[in-house]
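Have the sequence and the 3D view ready as you read.

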Amino acid sequence: LGRDAAAALGKAMREARPEWTERMLAGKIAQEAHARGIQPIVLLAAGEERIFKYRHPLPKDRPLAGLAMGVVCGRRDGLVANCTRMRSWGPSVVDSLYDKLLHVEAEALRASVPGASLGEVARVLLNAYQGIEAPDAFDDHHQGGLAGYRTREVLAVPGERTKLEVGTAFAWNPSLPGAKVEDTFLLTEEGLENLTYNPDWPTVSVDDRLRPAILKD
């Protein structure tokens, strides 16, 4: 499911064009998801005009222009996988923002070990935002949490005592105005497995882990 959800989102993002509207992109993501037997229970899209205003952008009839973000939370056979991808046409001001987010996420992934509570990971995320001089970003959008049977079963918030265990899935969701990164991971005895990894999508190595890059033309 994770690989198929990422492939559906990736194919739609690759085929997108600057003149497309957000609704057209959302429709393409939905088409690719349904073709793989996946129900997109959360489907978000934003273009250059709205991506800096909304962290959870419901698709509107606005052009993508020079920048696009697509988000899908897809359900199949009772399980849910979540992922986000970004694309730009030409130089983009979000490159540095996205790079900062990847390092915020890396801190959370490093803290995602058996026995760690969601509250402890939330605190790591908060500190990471402070490290990039964006302390308010933590409260501007939920930061993710346990996943698998719902898009998020339990959110990572300070004080949350639910613990990560081997066999649990989660998806962190760090974001800044204009950028977001998200994949669904499985916590195994050997470490973290990225369930929504897409070998056809460009990647960048962060903390010795392949993370999705911004697709560029």
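Contact here means heavy atoms within 4.5 Å. Helices (H or I, at least four residues) and strands (E, at least two) are DSSP runs, numbered from the N terminus. This is a predicted model, where local features need pLDDT of at least 70, side-chain atom pairs count only at pLDDT 80 or more, and totals for chains, interfaces and linings use all residues. Residues are numbered from 1 along each chain as its sequence is written, and side-chain values use heavy atoms, with hydrogens and water left out.

**Helix α1 and its neighbours**
- In α1, the residues G2, A5, A6, A8, L9, G10, A12 and M13 are buried (under 20% relative accessible area, with a 1.4 Å probe and protein chains only).
- These buried residues pack against α2 (22–35), β2 (67–76), β3 (79–88) and β13 (215–216).

**Where α1 meets α2**
- On the α1 side you will find A8, L9, K11, A12, M13 and E15, which meet L25, K28, I29, E32 and A33 in α2.
- Seven residues of this contact are nonpolar, none are polar and four are charged (Ala, Val, Leu, Ile, Met, Phe, Trp, Tyr, Cys and Pro count as nonpolar, Asp, Glu, Lys and Arg as charged, and the others, Gly among them, as polar).

**Where α3 meets α4**
- The crossing of α3 and α4 is right-handed (the near helix is turned clockwise from the far one by less than a right angle).
- L101, V104, E107, A108 and A111 of α3 make the contact with V121, V124, L125, A128 and Y129 of α4.
- Nine residues of that contact are nonpolar, none are polar and one is charged.

Note on methods. Buried means under 20% relative accessible area, exposed over 50%, partly exposed in between (1.4 Å probe, protein chains only).
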